[in-house]
Amino acid sequence: MIVRGIGGFYYVEAAGSLYECKARGLFRKKKVTPYVGDHVTIRLENDGTSTIEEILPRANYLIRPPIANIDQLILVVSVCDPSPNTLIIDKTIAAAEARGIEPVIVLSKTDLQDGGWLIDIYRTTGILLLTVSSVTGEGVEAVRELLKGKISAFTGNSGVGKTSLLNQIDSRFHLETGEISQKLGRGRHTTRQVALLKLSGETYVADTPGFSSISLERYDLIKKERLPYCFREFIPYLNQCKFSTCSHTCEKGCAVLQAVQEGIISKSRHESYVAMYQEVKDLKEWNLK
Ligand SMILES: Nc1nc2c(ncn2[C@@H]2O[C@H](COP(=O)(O)OP(=O)(O)OP(=O)(O)O)[C@@H](O)[C@H]2O)c(=O)[nH]1
Ligand SMILES: [Zn+2]
C-alpha cells in the first residue's frame, strides 16, 4: 500500500517494510496517478531501487485530498474559530457519499461552545457526529475507537484542530511525521502532502492538507439526478413525490419538502441541497467529467 507520495517518489509498505519506489513511465502515458492508499505491486530492482508495477482496482477515491481506498472520511468542524459553514460541510459529506465513503462529522473545540445548533442539524441525518475537545481531552477516546482497524481520512478547514486532535489520539503521530520529514530533508510545514500514518496494526490515518473555504471544484460536482441520493436522509422520500421529475427544491407535492416542513429533515440540509442543485442543474454531461 502506498503510504506517502512526494516529488515523484512513492513510499510503499509491503510485508512490514517501507520501500521507496518510482512509478513506471507507463502510468504517466496513461495519465494514471498513483494515490496514497493504492494497493500496488512493486518490483525490487538489482540496483536496490524499486518500481511500482501495477495499481490494483480502487474501492473508492477522492481527488481532493488525493487518496484511495478509504473506509471513512472524518470531517472536522470547529464550533467556532473558524466558524462552521453548513454548505461546505454538506458539500464535503455529499462528495463522500457520491464516492461510497462513509462520512463522519467530528465537532471540535467544544470547550469553547457546545455547538448545539450543529448537533441539531445533523441529528436527523443518520450521519455519525462526535464531539471532541483537544484541550480537555473530552471525546478523544471515542474518536480513537472509531479509527480502529480502518483507514480514515481527516478533512476540514485550516485551523479547525485536526493536528491537535491527531496528536491527542496518538502521541506517535507527531514523532512519525517528524521522522519522515527529516528523512526527506524538509520541515513539517513545507510537506503539505497526503500521507498515511500507521497508528497500529490495521489502523491508518491520512494526514491531508486543509481544504480551502471554497473547496469543491468542477470535478467534485455531482449530477442533479444523483444529488438527492447524496443526502442520505432524503432517500426514503425520493419515490414519494407527486411528480416523478420532482427536483425536490420547490415543487408541489414534494415528499422531501413535506419532511422538511414536518421537521424530519433539517432545513439547513435542504438549503444546502438546493444551493448545490442550482449549481449543477444547467450543466451538461461533459462539464461533470
Ligand atoms: N479551544 C480549543 N482550541 C483548539 C482545539 N483544538 C485545536 N485548537 C487550536 O486551534 C488552532 C488550530 O489547531 P490545529 O490543530 O493546528 O488545526 P488544523 O486543523 O490541523 O489546521 P491546519 O494544519 O492548518 O489544517 C491551534 O491554535 C490550536 O491550539 C480545541 O479543542 N479547543
Ligand atoms: Zn420531491
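I note that the model is a predicted one.

I next looked up where H248 sits, and found it in the loop between β13 and α7. Leaving out residues up to four places away in sequence, I listed what H248 touches: P228, F234, C241, C254, V256 and L257.

I checked the record for this stretch. UniProt, in an unreviewed entry, gives the feature "binding site" at C241, C246, H248 and C254.

I then turned to C241. C241 lies in the loop that runs between β13 (203-207) and α7 (255-261). C241 is buried as well, since 20 other C-beta atoms are within 10 Å. With residues up to four places away in sequence again left out, C241 touches C246, H248, E251, G253, C254, A255 and V256.

Last, I looked at the domains. The protein is divided into domain 1 (2-55), domain 2 (61-207) and domain 3 (221-288). Between domains 2 and 3, I found eleven residues of domain 2 in contact with 14 residues of domain 3. Which helix gives the most to the side of domain 2 that touches domain 3? Helix α2 (residues 86-98) does, with seven residues. I sorted that side of domain 2 by class and got four nonpolar, four polar and three charged residues.

Terms used. Residues numbered from 1 in each chain as written. Chains lettered and ligands numbered in written order. Predicted model: local features only at pLDDT ≥ 70, side-chain atom pairs only at ≥ 80, totals over all residues. UniProt positions renumbered as here; feature names shortened; annotations may be inferred. Helix = DSSP H or I, 4+ residues; strand = E, 2+ residues; numbered from the N terminus. Buried ≥ 20, exposed ≤ 12 C-beta atoms within 10 Å, placed from the backbone. Contact = placed C-beta atoms within 7 Å. Domains from an automatic or database assignment. Nonpolar A, V, L, I, M, F, W, Y, C, P; charged D, E, K, R; others polar.
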